[in-house]
Amino acid sequence: MKTKILVLEDEASIRSFIRIKLKGFGYEVLEAETGKEALAKIDDTIDIALLDVMLPDIDGFEVCRQFRMNYPKLGIIMITAMGMEEDKITGLGNGADDYIVKPFSPKELVARIESLLRRININKSNEEIKSSTIKHGRFILDTDKRILKKNDKLISLTPTEYSILEFLMSYPNKVFSRDEILDRVWGKNYFGDIKTVDVNMRRIRQKIEDDASNPSSLKTVWGHGYIWSTE
């Protein structure tokens, strides 16, 4: 089954460029010109959404927020304007997995899509999936269902947030640099900014820690990186 991608972009020329290039790489593409149209077209058969930030009606951030709320396993990539650093942070803060800056090449776009697909395990066969759990104190990570529970309560995670936790929880009490986390979760060919790691860490802490400003599990080791602490 082909990977299905929803492209939300109000500029017809850019939307057409993305559609042609993605179809050339074998993806199935759905198009939306407005936020309302994208919200009407989204369903659980779509694997990844590419969302432009600047739209004539509902902005891409609000679309992202609603997508993430209703489709937690959906892969989301924001399309931002060059130099708009705040757009990147806002997009990730609203639940996006990644962002790409205009103008971008087809090679970069496909690399980001493939990296995200690996994180959401779209292409993983049933034979490759092994049921197991990682338990640390109040936390249970089910690597079969790809879910996290704290005190038996389900915590909603984006595909990227889950991948970060699976990596760190598999190596408790070991410090990993941001570069190491970026390579492991996003892939060695990732084009993006290392700040992506920090933004995702902040979001995860807000979801799992009793006090996000004083974390007891997902800790920062200043000057070195991050650690999943069981101590």
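In which helix does Thr196 lie? Thr196 lies in helix α8, where helices (H or I, at least four residues) and strands (E, at least two) are DSSP runs numbered from the N terminus. The model is predicted, so local features need pLDDT of at least 70 and side-chain atom pairs count only at pLDDT 80 or more, whereas totals for chains, interfaces and linings use all residues. Residues are numbered from 1 along each chain as its sequence is written, and side-chain values use heavy atoms, with hydrogens and water left out.

At 1% relative accessibility, Thr196 is classed as buried; buried means under 20% relative accessible area, exposed over 50%, and partly exposed in between (1.4 Å probe, protein chains only). Residues up to four places away in sequence aside, Thr196 touches Leu92, Tyr99, Trp186 and Tyr190, contact being defined as heavy atoms within 4.5 Å.

Helix α8 (residues 195-208) also packs with helix α6 (residues 159-170), at an angle of about 85° and with the axes 10 Å apart. The angle makes α6 roughly perpendicular to α8. Axes here are lines fitted to C-alpha atoms, for helices over the stretch in contact, and angles run from 0 to 180 degrees between N-to-C directions. Angles under 35 degrees count as roughly parallel, over 145 as roughly antiparallel, 65 to 115 as roughly perpendicular, and the rest as oblique. On the α6 side, Thr160, Glu161, Ile164, Leu165 and Leu168 take part; they meet Asn200, Met201, Arg203, Ile204, Lys207 and Ile208 of α8. By class, six nonpolar, two polar and three charged residues form this contact. Ala, Val, Leu, Ile, Met, Phe, Trp, Tyr, Cys and Pro count as nonpolar, Asp, Glu, Lys and Arg as charged, and the others, Gly among them, as polar.

Ser163 is another residue of α6. Ser163 is buried, at 11% relative accessibility, and is in contact with Arg119, Arg146 and Val185 when neighbours within four places in sequence are left aside. Ser163 and Arg146 are 17 residues apart in sequence, with a C-alpha to C-alpha distance of 8.9 Å. Arg146 is placed in the loop between β7 (139-142) and β8 (147-150). The relative accessible area of Arg146 is 18%, and the residue therefore counts as buried. Its phi is near 60°, a positive value in a residue other than glycine. A positive phi, near 55°, is also found at Asn151, again not a glycine; Asn151 lies in the loop between β8 and β9 (153-155).

In helix α7 (residues 178-186), the buried residues are Ile181, Leu182, Val185 and Trp186. These residues cover an arc of only 100° around the axis, which puts them on the same side of α7; the arc is that of the directions from the helix axis to the C-beta atoms. The elements covering them include α5 (106-120), α6, α8 and β11 (225-228). Gly187 follows α7 and has a positive phi, near 105°. Glu114 is located in α5 and is partly exposed, with a relative accessible area of 39%. Glu114 and Trp186 are separated by 72 residues in sequence and by 9.6 Å in space, C-alpha to C-alpha.

Asp52 is listed by UniProt, in an unreviewed entry, for "modified residue: 4-aspartylphosphate". UniProt positions follow the numbering used here, feature names are shortened, and annotations may be inferred rather than shown by experiment. Asp52 is in strand β3 (residues 48-52) and is buried, with a relative accessible area of 4%. Apart from neighbours within four places in sequence, the contacts of Asp52 are Leu8, Glu9, Asp10, Gly60, Ile79 and Lys102. Lys102 is joined to Pro103 by a cis peptide bond, with omega about -10°, and Pro103 is found in the loop between β5 (98-101) and α5.

Cys64 belongs to helix α3 (residues 60-70) and is buried, its relative accessible area being 0%. Not counting residues up to four places away in sequence, Cys64 touches Leu51, Ile76, Met78, Gly91, Asn94, Gly95 and Ala96. Between Cys64 and Asp98 there are 34 residues of sequence separation and 11 Å in space, C-alpha to C-alpha.
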